[in-house]
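Here is a friendly set of notes to read with the model open beside you. Take the points one at a time and find each residue as you go.

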Amino acid sequence: MSVSPPASLSWRLRPAGARALAWCGGLAYPILLYVAVLNEREPTGVRLLLPAVLSVLAVPLLLRRPFAALTLMLAGSFAATLTAASKLASAFPFMAPGQAWQIGSLQALLTDLAVAWIAATRTRRTALAAAALTLAEQTAAAGHYRNGRDAFVSSIVFLVLMLALAWLTGYLVQERRAHAETVRVQAAEQAVAVERLRIARELHDMVAHSIGIIAIQAGTGRRVIETQPAEARNALAVIETTSRDTLAGLRRMLGSLRKAEPEEAPLAPAPGMTDVDRLVATTRNGGVVVDVEWRGERRPLPMDIELSAFRIIQEGLTNVVRHADTHECRVVIDYQEDELSIEITDDGQGPASAGIGYGLTGMRERAFLLHGQFTAGPRPEGGFRVAARLPVQAETR
């Protein structure tokens, strides 16, 4: 217990330390760049390596505060370009106009990369402001290392094209990322809709089955009410129990399932916990041995709870067969006083892949519609775990 506070304190200090180092690197970049170019007699050719390497100092700040980092990079770039132009002009008066562009082009490339990063990670307004500021700096710098109207105009055209290419590249990356996120959200919503339609279809079958039982028992009671009152009372008791269970299921689920019914709804009875053994046998045929442990007193539950519990077990075992890369798993079914608890665990080598697809979304949706709880994720000791807790209403116990 005494070790926990220092550990949590260290976690709180790490982001602050990282921010401080990022700002130190960003502030040091223009200063060191100016010093490097100032102390270099001819900052061209291979000697451009040091100004290029110094840009690494601004990267941490660029990841955290891109606009501030770009401003520092532009300041260092302008100072370095002016310094290089003046040094070459004094040392090589005849060749300076043809050589000073190298440091300017290198700095323009670095700042264009920063603009591309901003366009890929920030809003369009921020990216446009960054591009405008960068173009202004590059235009001002070009006036110091290009002599003559034609050379200056050609340099500006080149700088504009390179900056536009960098900005568009970053913008397209952001658009593609946003499109991928939209597709992912739409796919998840579609998976939820499909699962709800499936639940609605099964709920329809459950209600139809219950109404059929009620109709039969009502007819029986009507025929024997005068000659066999006891049999009539039994029929009324069955009608009461069946109608209560059906109404409880409707209250829990119908409000969330106001969707159009698909055509050709299946007419087979809805599966329940009595079908778990059949499901286990089918899973064994798929190459996975299932160890089922029943806890508590097994008893009939409302049809909607039994159906959802069966589907959760079915989908959990399907994930094990498809993704877990194992030959065995364990299912624990616990009948508690006020809830039904289900846990599916495996020791497979593919826990990360068990979350691929939308099976987990369907299981979570089923538990949510019954006001239950659902968790799924990798186990610390390896493998994957799926757990659901479905509440049981008081009148069904």
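Predicted model: local features only at pLDDT ≥ 70, side-chain atom pairs only at ≥ 80, totals over all residues.

1. Is F67 buried, exposed or partly exposed? Its relative accessible area is 34%, so F67 counts as partly exposed. Leaving out residues up to four places away in sequence, F67 touches I118, T126, A129, A130 and L133. Take A129 from that list: F67 and A129 are 62 residues apart along the chain, yet their C-alpha atoms are separated by 9.1 Å.

2. Now compare a second residue, Q107, whose place is in helix α6 (residues 101-121). Q107 has 0% relative accessibility and therefore counts as buried. Which residues does Q107 contact, apart from its neighbours within four places in sequence? They are Y29, L33, P51, S77 and T81.

3. With two residues in hand, step back to the whole protein. There are twelve helices and five strands. Of the 397 residues, 39% are buried. Among contacts with a separation of 6 or more, 76% are between residues 24 or more positions apart.

4. Next, look at the sheet. Five strands form an open sheet in the order β1-β2-β3-β5-β4, and the pairing is mixed. The edge strands, β1 (289-296) and β4 (373-378), each pair on one side only. On average, neighbouring strands in this sheet are turned by 10° against each other, direction ignored. As background, strands of a sheet pair through backbone hydrogen bonds, either parallel or antiparallel.

5. β1 and strand β2 (residues 328-335) run parallel and are joined by eight bridges. β2 is mostly covered, with six of its eight residues buried.

6. Move across to the antiparallel part. β3 and β5 pair in the antiparallel sense over eight bridges, and L340 has L390 in β5 as its bridge partner. β4 and β5 also pair in the antiparallel sense, over six bridges; here the partner of Q373 is R389 in β5. What lies between β4 and β5 in their hairpin? There are five residues, and G382 in the turn has a positive phi of about 110°.

7. Helix α11 (residues 303-323) lies across β1, β2, β3 (339-346) and β5 (384-391), running at about 5° to β3. Helix α12 (residues 359-369) touches β4 and β5, and its direction makes about 155° with that of β4.

8. How do α11 and α12 pack against each other? They meet at an angle of about 160°, with their axes 10 Å apart. The two helices are therefore roughly antiparallel to each other, as angles over 145 degrees are counted that way. Their crossing is left-handed.

9. Zoom in on where these helices meet. From α11 come L307, S308, R311, I312, E315, G316 and N319, and from α12 come G359, L360, M363 and R366. By class, this contact has four nonpolar, four polar and three charged residues. For background on reading such a list, an α-helix has 3.6 residues a turn, so residues three or four places apart point the same way.

10. Nine of its eleven residues are buried, so α12 is largely enclosed by the rest of the structure. The buried residues in α12 are G359, L360, T361, G362, M363, E365, R366, A367 and L369.

11. Finally, follow the chain just past α12 to H371, which takes a positive phi of about 60°. This is worth a look, as H371 is not a glycine. H371 is found in the loop between α12 and β4. Is H371 buried or exposed? With 60% relative accessibility, H371 counts as exposed.

Key
Residues numbered from 1 in each chain as written. Heavy atoms only, no water. Pairing = 2+ DSSP bridges. Helix = DSSP H or I, 4+ residues; strand = E, 2+ residues; numbered from the N terminus. Axes fitted to C-alpha atoms, helices over the stretch in contact; angles between N-to-C directions. Contact = heavy atoms within 4.5 Å. Parallel < 35°, antiparallel > 145°, perpendicular 65-115°, else oblique. Left-handed = near helix turned anticlockwise from the far one by under 90°. Nonpolar A, V, L, I, M, F, W, Y, C, P; charged D, E, K, R; others polar. Buried < 20%, exposed > 50% of the residue type's maximum accessible area, 1.4 Å probe, protein only.
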